[in-house]
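Please find below a colleague's note on the structure shown here.

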Amino acid sequence: MRKNALSLQSSAVGRANLCTYINAARAAGFDCIEPTKVQLSYFLDAGHTPDDIRNLSGNIEVSAVGWLSDLERQGYEFVMMMREAEKLFEMASSVGSHAVEIINGPVDWHAAECYRRGIPFNGYMGLQGLPVEEQQKLMIKNLQALSDLAAQFKLTLFFEPLCWTPFPSLKEGIPLVEQAERDNLKIVVDFYHNYIAGVDAEFLSQIDKDMILGVHVCNSREPDGRVPCEEIFRDAAFYEGAVPIREWVDAVKSTGFDGWWAYETFSKRETEEDVYAFTKYVYAELKKLVEGP
């Protein structure tokens, strides 16, 4: 993969199927794609093979596959998670992916809201309520286990902390990755989650570039004290939110990072744009941000 590669993240093509996704990426000029396991599964369940995906992709690389969620699971849920991870890693490896995204939980923001309000929630609650030190220990243990499993498939994992969870940003996430001490465990700089959690450009500029696998450029509405549900707070177009996009891109670039860059969107309006026209717009804007005018 070339330095400062531009990757078309799956959210930018809305509900397009995998074939349209890849063709749109090629037409726009992207170097790689970042599909979800769901997109890949739909294609494979239709009778296609991993080789079909490789042939369809051609010179378009797969920067990463998303994602394994609730990585802190314990007990029998840990066993189920590892089985899920093995299937995901096998699929990602079979289509030529370089990496897999892992995210902490609870992924369902309703769980965080119920915990804050002290009301029952009929679902997965994650490690909420445990002492911070114990949560850290359990997170590190699971990061190590997942990284060791991924290494068997020659995959790198990248951790994306979710802003409504007990570890809401890279401020809390980077120490976990460091203590896990696995060469194939990295981070992704996601603008939305880190902005909501209070991270600034100064913090981003101090991150060790070798720890960063990729960047999710994205926007956000201003936080207002509520649990930051994505349906509301991520409904912001490329430059229409509160994140200082250019400043944050420059902060990451100042570290010397030269891996892949992608744009991630939850904007309702952008999701309904023409796929080919919108991907060309995203490519042009990323290119200007990353490489200059």
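Is Arg269 buried, partly exposed or exposed? Arg269 is partly exposed, its relative accessible area being 44%; buried means under 20% relative accessible area, exposed over 50%, and partly exposed in between, with a 1.4 Å probe and protein chains only.

1. Basis of the note. This is a predicted model, in which local features need pLDDT of at least 70 and side-chain atom pairs count only at pLDDT 80 or more, while totals for chains, interfaces and linings use all residues. Residues are numbered from 1 along each chain as its sequence is written, and side-chain values use heavy atoms, with hydrogens and water left out.

2. Overall form. The protein contains 13 helices and nine strands; helices (H or I, at least four residues) and strands (E, at least two) are DSSP runs, numbered from the N terminus. The radius of gyration is 18 Å, close to the 19 Å given by the globule rule for 293 residues, so the protein is as compact as a globular protein of that length. That radius is taken over C-alpha atoms, and the globule rule is 2.2 Å times the number of residues to the power 0.38. The C-alpha trace spans about 50 × 40 × 35 Å along its principal axes.

3. Of the 293 residues in the protein, 53% are buried. Among contacts with a separation of 6 or more, 79% are between residues 24 or more positions apart, where contact means heavy atoms within 4.5 Å.

4. Charges. The protein carries 28 positive and 44 negative charges, and their mean positions are 2 Å apart. Lys and Arg count as positive and Asp and Glu as negative, whereas His and the chain ends are not counted. The place of a charge is taken as NZ of Lys, CZ of Arg, CG of Asp or CD of Glu.

5. Salt bridges in total. Side chains of opposite charge can pair when their charged atoms come close. A salt bridge here is a side-chain nitrogen of Lys or Arg within 4 Å of a carboxyl oxygen of Asp or Glu, and by this rule there are 19 salt bridges.

6. A link between distant parts of the chain. Glu272 and Arg15 form a salt bridge, with the closest N and O atoms 2.9 Å apart. This pair joins distant parts of the chain, 257 residues apart: Glu272 is in the loop between helix H12 (268–271) and helix H13 (275–291), and Arg15 is in the loop between strand S1 (6–9) and helix H1 (18–28). Both Glu272 and Arg15 are exposed.

7. The surroundings of Arg269. Glu240 forms a salt bridge with Arg269, at 3.0 Å between the closest N and O atoms. Glu240 lies in the loop between helix H10 (230–233) and helix H11 (245–253), and Arg269 lies in helix H12, so the pair ties together parts that are 29 residues apart in sequence. Glu240 is exposed, at 57% relative accessibility. Arg269 also meets Glu273 in a salt bridge (3.4 Å, N to O), and Glu273 counts as partly exposed at 35% relative accessibility.

8. Backbone points to inspect. Most residues other than glycine have a negative phi, and most peptide bonds are trans. The peptide bond from Gly66 to Trp67 is cis, with omega near -10°, and Trp67 lies in strand S4 (residues 65–68). A cis bond also runs from Gly105 to Pro106, with omega near 10°; Pro106 is in the loop between strand S5 (99–103) and helix H5 (109–117).

9. Positive phi values. Asp70 is not a glycine, yet has a positive phi of about 50°. Asp70 sits in the loop between S4 and helix H4 (76–94) and is buried, with a relative accessible area of 13%. Lys154 has a phi near 60° and is located in the loop between helix H6 (132–151) and strand S6 (156–160). Lys154 counts as exposed, at 74% relative accessibility.

10. Tyr195. This residue lies in helix H8 (residues 191–196) and is buried at 15% relative accessibility. Not counting residues up to four places away in sequence, Tyr195 touches several residues, including Ser220, Arg221, Pro244 and Trp248. Tyr195 and Ile245 are 50 residues apart in sequence, and 11 Å apart in space from C-alpha to C-alpha.
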